[in-house]
Structures are given as structure tokens and as C-alpha cells.
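I'd like to walk you through one chain, residue by residue in places, so please have a look at the screen.

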Amino acid sequence: DPADTETGVARDEHIRAFFSEAMDLSTLNTTTFTVSLAGVPHPGTVEYSGTIVSFKPTAGNFYSPSSVYTARVTTAATDISGNAIAAEKVWTFTTGP
């Protein structure tokens with residue numbers, strides 16, 4: 001969330017990924033869940049609750065206006081049994097003006 005190719009995303013939006021089961025918190029971080037612009041990671045933190053992981057931009061570091069960002073969750077993210085996610089999840093979104 002936001003959905004792949006969604007436009008008009010707020011420049012301070014928390015980017016979320018949803019999982020079907022509980023994940024290992026120690027494997028969810030700014031290495032396994034990134035948001036980037038033209039390959040450059042955006043500064044932020046990763047939080048996890050239930051089956052939802054959120055990337056939150058660092059305070060004062062809003063996303064650039066009218067820009068296409070890529071969100072990515074790598075296969076280094078695992079569930080509580082140690083199983084990696086089946087495939088890397090990648091999606092893009094465009095910020096509003």
C-alpha cells in the first residue's frame with residue numbers, strides 16, 4: 001500500500017507491505033524493505049505490527065514531489081519459522097505535487 005503504479009501518493013505516506021502470516025521482526029529492516037528514487041534509498045525506518053510492515057520516511061525527509069518511487073521487500077525477509085518470502089516484492093508509486 002499504496003497499490004502498484006498508484007499516483008498522487010502523499011509525500012509523507014507510510015508505505016506498507018502485507019503478509020499472510022507472522023513475520024520474523026529481526027528480518028524486517030531498511031535493508032529488506034526499501035523505498036528508493038532512481039536507485040537511491042530514501043531515509044526512513046521500518047516498523048512491524050501483526051502481518052503488516054511499514055516504511056516511514058524519516059521526519060522532515062518527505063518524498064520528492066511528482067516522482068516515481070520503487071518499494072521493495074527482498075527474499076531476506078522471513079516468517080517466524082525462518083521461511084523466506086517466495087519472491088521479492090517490488091512495486092512503484094508516484095507522489096503528488
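Let's start at Ala-17. Leaving aside neighbours within four places in sequence, Ala-17 is in contact with Phe-33, Thr-51, Ile-52, Val-53, Val-73 and Trp-91, where contact means heavy atoms within 4.5 Å. You'll find Ala-17 in strand β2; strands here are DSSP runs of E with at least two residues, helices are runs of H or I with at least four residues, and both are numbered from the N terminus. Is Ala-17 buried or exposed? With a relative accessible area of 7%, Ala-17 is buried. For that word, the cut-offs are under 20% relative accessible area for buried, over 50% for exposed, and partly exposed in between, with a 1.4 Å probe and protein chains only.

Before I go on, a word on where this comes from. This is a predicted model, so to speak of a local feature we need pLDDT of at least 70, and side-chain atom pairs count only at pLDDT 80 or more, while totals for chains, interfaces and linings use all residues. Residues are numbered from 1 along each chain as its sequence is written, and side-chain values use heavy atoms, with hydrogens and water left out.

Now the whole chain. How many helices and strands are there? The chain has zero helices and eight strands, and the pattern along the sequence reads β-β-β-β-β-β-β-β. The radius of gyration is 13 Å, close to the 13 Å that the globule rule gives for 97 residues, so the chain is as compact as a globular protein of that length. That radius is taken over C-alpha atoms, and the rule is 2.2 Å times the number of residues to the power 0.38. Along its principal axes, the C-alpha trace spans about 40 × 25 × 20 Å.

Of the 97 residues, 35% are buried. Among contacts with a separation of 6 or more, 61% are between residues 24 or more positions apart. The chain exposes about 5200 Å², and carbon and sulfur atoms supply 53% of that; the areas come from the Shrake-Rupley method with a 1.4 Å probe, and for residues only the protein chains shown count as cover. As for charge, there are 5 positive and 10 negative side chains, with the centres of the two sets 7 Å apart. Lys and Arg count as positive and Asp and Glu as negative, leaving out His and the chain ends.

Next, another buried residue. Ser-54 lies in strand β6 and counts as buried at 13% relative accessibility. Setting aside residues up to four places away in sequence, Ser-54 touches Ile-15, Arg-16, Phe-33, Thr-45, Val-46 and Glu-47.

Let's move to a loop. Thr-32 sits between β2 (15-18) and β3 (33-37), and at 5% relative accessibility Thr-32 counts as buried. What does the side chain of Thr-32 reach? It reaches the backbone oxygen of Thr-27 at 2.7 Å. A polar atom of the Thr-32 side chain also lies 3.0 Å from the backbone nitrogen of Asn-29. Beyond four places in sequence, the residues touched by Thr-32 include Arg-72, Val-73 and Thr-74.

Now to the segment before β1 (6-9), where we find Asp-4. Asp-4 is partly exposed, with a relative accessible area of 46%. The side chain of Asp-4 reaches the backbone nitrogen of Thr-92 at 2.9 Å, and Asp-4 touches Trp-91 and Thr-92. The C-alpha atoms of Asp-4 and Val-90 are separated by 8.4 Å, though the two are 86 residues apart along the chain.

Last, some backbone geometry. Most residues other than glycine have a negative phi, and most peptide bonds are trans. Which peptide bond is cis? The one from Asp-1 to Pro-2, with omega near 15 degrees. Thr-5 has a positive phi, near 70 degrees, and is exposed, with a relative accessible area of 54%. Ser-66, in the loop between β6 (52-57) and β7 (68-73), also has a positive phi, near 50 degrees. At 51% relative accessibility, Ser-66 counts as exposed.

That's my tour, and I'm happy to go back to any residue you like.

Note on methods
The place of a charge is taken as NZ of Lys, CZ of Arg, CG of Asp or CD of Glu. A polar contact is a pair of N or O atoms within 3.5 Å; within protein, one must be able to donate a hydrogen and the other to accept it, and residues adjacent in sequence count only if both atoms are side-chain atoms.
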